[in-house]
Amino acid sequence: MSTKAGYVHSIDTAGMVDGPGIRYLIFLSGCALRCKYCHNPDTWNMKTGRLMTVEEIITDIRKYKSYLKFSGGGVTVTGGDPLVQFAFLEALLAACKAEGFHTAIDTSGYATPQTVERVLTHTDLLLLDIKSINPVTYEAVTGVPLDRTLETLRISRSLGIETWIRYVLVPGLTDSTRDMYRLAKFLQPFQNITKIEVIPFHKVGEYKWKDLGRKYELWDTPAPSQDMLDIARRILAR
């Protein structure tokens, strides 16, 4: 087994939404994006996490093997963005596969194609966050260009990796129906996409911005209405 080590922000041993079944969730530290609505800004700085080896994590996962397997679950690596620590992520996923676990990563896809291909080799499910199909909006939301995210989706198709798309609906920011129709049209040819999730913007993590002394621009932004969510889900279901 690999002796590689990486920075881990936290671990949740009973996740229910980041992949099928019950999931062992590993939140890695570090993220290249600076999303305006991020609810985990405390994960941005990689070295604020705890340094752990692949062996330490696998040893802990084994304790939960029976109910992970029974529920049809597995291991999901999220963040931050796990692709920031791609060498550690690759080793960790390979070790999980060797143990027989279903593997998933939750990511923005912001990495080089070579990195994405290496990581997806050991990945059963890609949870890909697409903030917007509009390049201007995407960069305004995240601080980085859109192209690498879309290239990650193309690579997932070429490798036949099951993919779930995640879209956060933020009033006044990502609620353009025109852009959502464009996104639906773009996603249509990708037969490896098995689910599209529209996630409502929430304010659960805004206190973290204040605690970290960071400027939060969405204090006055409300959660999307049910009607707004229904419209977005109908459009993207196309």
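Colleague: Quick one: at what angle do α4 and helix α6 pack, and how far apart are their axes?
Modeller: The angle between α4 and α6 (residues 147–159) is about 40 degrees, and their axes are 10 Å apart. Axes are lines fitted to C-alpha atoms over the stretch in contact, with angles from 0 to 180 degrees between N-to-C directions. This is a predicted model: local features need pLDDT of at least 70, side-chain atom pairs count only at pLDDT 80 or more, and totals for chains, interfaces and linings use all residues. Residues are numbered from 1 along each chain as its sequence is written, and side-chain values use heavy atoms, leaving out hydrogens and water.

Colleague: So are α4 and α6 parallel or oblique?
Modeller: At that angle, α4 and α6 are therefore oblique to each other (under 35 degrees is roughly parallel, over 145 roughly antiparallel, 65 to 115 roughly perpendicular, the rest oblique).

Colleague: Which residues of α4 and α6 meet?
Modeller: From α4 you have Pro113, Val116, Glu117 and Leu120, and they meet Glu151, Thr152, Ile155, Ser156 and Leu159 of α6. Contact here is heavy atoms within 4.5 Å. By class, the contact of α4 with α6 has five nonpolar, two polar and two charged residues (nonpolar is Ala, Val, Leu, Ile, Met, Phe, Trp, Tyr, Cys and Pro; charged is Asp, Glu, Lys and Arg; polar is the others, Gly among them).

Colleague: And α3 with α4, how do their axes cross?
Modeller: The axes of α3 (residues 86–98) and α4 (residues 113–120) cross at roughly 20 degrees and come within 9 Å. The two helices, α3 and α4, are therefore roughly parallel to each other.

Colleague: What in α3 meets α4?
Modeller: Phe86, Leu89, Glu90 and Leu93 of α3 do, and their partners in α4 are Thr115, Arg118 and Val119. That contact of α3 with α4 divides into four nonpolar, one polar and two charged residues.

Colleague: Changing topic: at what angle do helix α7 and helix α9 pack?
Modeller: About 30 degrees, with the axes of α7 (residues 177–187) and α9 (residues 226–236) 8 Å apart. So α7 and α9 are roughly parallel to each other.

Colleague: Which residues of α7 and α9 make the contact?
Modeller: On the α7 side look at Thr177, Met180, Tyr181, Leu183 and Ala184, and on the α9 side at Ile231, Ala232, Ile235 and Leu236.

Key
Helices (H or I, at least four residues) and strands (E, at least two) are DSSP runs, numbered from the N terminus.
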